[in-house]
Amino acid sequence: MQSAAFALSNLARGPAASVNEMIKLGIAPLCAAHLLPTTTVDIMTEVAWTMTYLTAKKEFVPELVSLGIIEKYVQLLSGFAKDVPHNSQLVTPLLRSLGKS
């Protein structure tokens with residue numbers, strides 16, 4: 001799963017046309033489903049980077065927001081705020097994506 005999420009994040013960094021195809025194929029809801037506290041940090045990190053690259057294309061932000069991404073991010077960040085030291089590997093893409101949403 002981590003390798004698949006990594007591959008998706010690389011595709012999401014590409015041109016808007018490939019991102020558009022990813023959105024049409026329903027990749028965003030599938031990725032969002034893996035943003036759970038029970039998912040491994042490595043998988044969540046790759047998924048978070050994928051979502052960060054998708055939110056970089058402003059035309060797709062409304063659809064991503066409609067999936068409840070902001071609420072998921074806030075829940076995850078709230079949970080990770082209690083961790084010392086903070087897991088910057090995961091917190092960084094979550095914050096970057098929130099900043100773009």
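Colleague: What makes the largest nonpolar core of this model a core, and which residues have the most contacts inside it?

Modeller: In this predicted model, the largest nonpolar core has 28 residues, and those with the most contacts inside it are Ile23, Val47, Met51, Leu54, Leu64 and Leu94. The set is called a core because its members are buried nonpolar residues joined through side-chain atoms within 4.5 Å.

Colleague: Which elements give two or more residues to this core, and which gives the most?

Modeller: Two or more residues come from each of α1 (2-12), α2 (16-24), α3 (27-32), α4 (41-55), α6 (69-80) and α7 (88-100), while α4 gives the most, with eight residues. As for one of the residues with the most contacts in the core, Ile23, its partners beyond four places away in sequence are Ala28, Leu54, Phe60, Glu63 and Leu64.

Colleague: Why is Ser9 called buried?

Modeller: Ser9, which lies in helix α1, has a relative accessibility of 4%, and because buried means under 20%, Ser9 counts as buried. Leaving aside residues up to four places away in sequence, Ser9 touches Glu46, Trp49, Thr50 and Tyr53.

Colleague: And what about Gly99: why does that residue count as exposed?

Modeller: Gly99 is found in helix α7 and has 65% relative accessibility; because exposed means over 50%, Gly99 counts as exposed. Its C-alpha atom is separated by 9.2 Å from that of Thr55, a residue 44 positions apart from Gly99 along the chain.

Colleague: How do α6 and α7 cross, and which residues make the contact?

Modeller: The axes of α6 and α7 come within 10 Å and cross at roughly 145°, and the crossing in which α6 passes α7 is left-handed. On the α6 side the contact is made by Ile70, Tyr73, Leu76, Leu77 and Phe80, and on the α7 side by Leu90, Val91, Leu94, Leu95, Ser97 and Leu98.

Colleague: How do the residues of that contact divide into nonpolar, polar and charged?

Modeller: The contact of α6 with α7 has 10 nonpolar residues, one polar residue and no charged ones.

Colleague: How confident is the predictor in the chain, and what share of the residues score at least 70?

Modeller: The average pLDDT over the chain is 85, and 98% of the residues score at least 70. Among the elements, confidence is lowest in α7, at a mean of 85, and highest in α4, at 89.

Note on methods. Residues are numbered from 1 along each chain as its sequence is written. This is a predicted model: local features need pLDDT of at least 70, side-chain atom pairs count only at pLDDT 80 or more; totals for chains, interfaces and linings use all residues. Side-chain values use heavy atoms; hydrogens and water are left out. Buried means under 20% relative accessible area, exposed over 50%, partly exposed in between (1.4 Å probe, protein chains only). Helices (H or I, at least four residues) and strands (E, at least two) are DSSP runs, numbered from the N terminus. Contact means heavy atoms within 4.5 Å. pLDDT is the predictor's confidence in each residue, from 0 to 100. Axes are lines fitted to C-alpha atoms, for helices over the stretch in contact, and angles run from 0 to 180 degrees between N-to-C directions. A crossing is left-handed if the near helix is turned anticlockwise from the far one by less than a right angle, and right-handed if clockwise. Ala, Val, Leu, Ile, Met, Phe, Trp, Tyr, Cys and Pro count as nonpolar, Asp, Glu, Lys and Arg as charged, and the others, Gly among them, as polar.
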